[in-house]
Amino acid sequence: MTGKIPFLNKIYNLLTNTDRFAGLIEQIILFSIRVIIAILVFLIFRKIIDILMRKYEQLDTGESNKSLHTFSRSILRLSLNFIAIMIALLIMGVKQTAFIGLLGGAGLGIGLALKDTLANFAGGIILIVFKAYEIGDYIEIDGQGGSVHEINVFATTLNTIDNKRILVPNGLATSRQIINYTKNKMRRVDLLFGISYNDDFKKAIKILTEIAESHPKISQRVDKTIRLRELNDSSVNLTFRVWCKAEDYWEIYYDVMESAKIKFDENGITIPFPQMDVHMHKTEKEVTI
């Protein structure tokens with residue numbers, strides 16, 4: 001109880017001392033006004049930032065600079081928001097030297113806590129500089145495949161073929177194997193057809209060659225490979241390799257598969273399927289008396 005008396009006395013002296021009490025009320029009012037002004041300034045800055053970002057997004061950068069444009073946009077937004085927060089803190093009365101000292105003292109702790117975030121930021125810079133992929137490319141990262149929708153400061157956004165959105169951290173992208181299916185203009189379509197041992201494989205090769213030569217989107221300037229590849233346990237396997245533009249890959253893949261099935265059926269060439277032959281033998285049991 002005795003420990004509380006000096007504290008109560010201080011409160012009593014503060015309340016009875018008119019000048020000190022008035023000064024305290026004045027400081028509270030001034031601080032409240034600063035907080036309100038800081039909030040208003042921050043909100044105004046946010047509105048200005050949104051307007052600037054919309055204007056920046058409307059800039060025509062061309063197809064080749066889309067990736068750099070989206071990456072720089074995210075950096076610009078992050079920087080402007082940081083400046084807005086710093087201005088708001090300065091208006092509230094936080095001294096610039098104290099603010100810088102606070103940032104310096106907390107820098108190590110922030111760096112350790114955000115090491116993955118910093119790795120993602122560095123990964124984003126590496127992706128932009130070396131152009132591992134760009135907006136619109138179809139890629140595969142660590143088993144996740146999709147078209148590149150956006151490359152921002154910390155992550156790459158992919159759209160899958162079934163319209164799912166995947167967010168891949170840039171740090172993961174730079175530390176894993178990246179398969180870019182559309183970086184090169186031409187792609188090779190590799191197919192394998194199995195036919196029965198009873199069928200004429202030369203006739204099947206002729207049919208596949210006619211399909212390859214008649215398709216309008218298969219390149220006729222690059223050598224095609226349509227040959228007997230291997231003699232499997234239950235089928236004679238023919239390899240079918242042709243070249244096309246990267247964007248035509250799947251159309252050619254499905255067209256050739258459908259055409260081959262139709263032509264094989266018309267020419268009596270069978271495609272074997274797994275089957276099991278069961279042979280039953282009847283044995284007579286010898287009876288002795």
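Biologist: Leaving aside neighbours within four places in sequence, which residues is F193 in contact with?
Modeller: This is a predicted model. In it, F193 is in contact with L208, V236, N237, L238, F240, V256, M257, A260 and F264, once neighbours within four places in sequence are set aside.

Biologist: How many residues has the largest nonpolar core, and which have the most contacts inside it?
Modeller: That core has 23 residues, and those with the most contacts inside it are F193, L208, F240, V256 and F264. Two or more residues come from each of β6 (186–195), α7, β8 (236–245) and α8. The element that gives the most is α7, with six residues.

Biologist: What does a second, separate core include?
Modeller: The second core has 11 residues, including I128, V148, L158 and A173. In soluble globular proteins, nonpolar side chains tend to be buried together.

Biologist: Now to S219. Where does S219 lie, and is it buried or exposed?
Modeller: S219 lies in the loop between α7 (201–214) and β7 (225–231). S219 counts as buried because its relative accessibility is 11%, and buried means under 20%.

Biologist: What does S219 touch, not counting residues up to four places away in sequence?
Modeller: S219 touches M186, K224 and W243.

Biologist: One more topic: what volume has the second largest pocket, and which helix gives the largest share of its lining?
Modeller: The volume is about 240 Å³. Helix α8 (residues 249–266) gives the largest share of the lining, three residues. By class, the lining has seven nonpolar, two polar and two charged residues, among them Y138, R187 and E247.

Key. Residues numbered from 1 in each chain as written. Predicted model: local features only at pLDDT ≥ 70, side-chain atom pairs only at ≥ 80, totals over all residues. Heavy atoms only, no water. 1 Å grid on protein atoms, 1.4 Å probe; cavity = no way out; pocket = protein on both sides within 12 Å on 5 of 7 lines; lining within 4 Å. Points joined across faces, edges and corners; volume = space filled by probe spheres on them. Helix = DSSP H or I, 4+ residues; strand = E, 2+ residues; numbered from the N terminus. Nonpolar A, V, L, I, M, F, W, Y, C, P; charged D, E, K, R; others polar. Buried < 20%, exposed > 50% of the residue type's maximum accessible area, 1.4 Å probe, protein only. Contact = heavy atoms within 4.5 Å. Core = buried A, V, L, I, M, F, W, Y, C linked by side-chain atoms within 4.5 Å.
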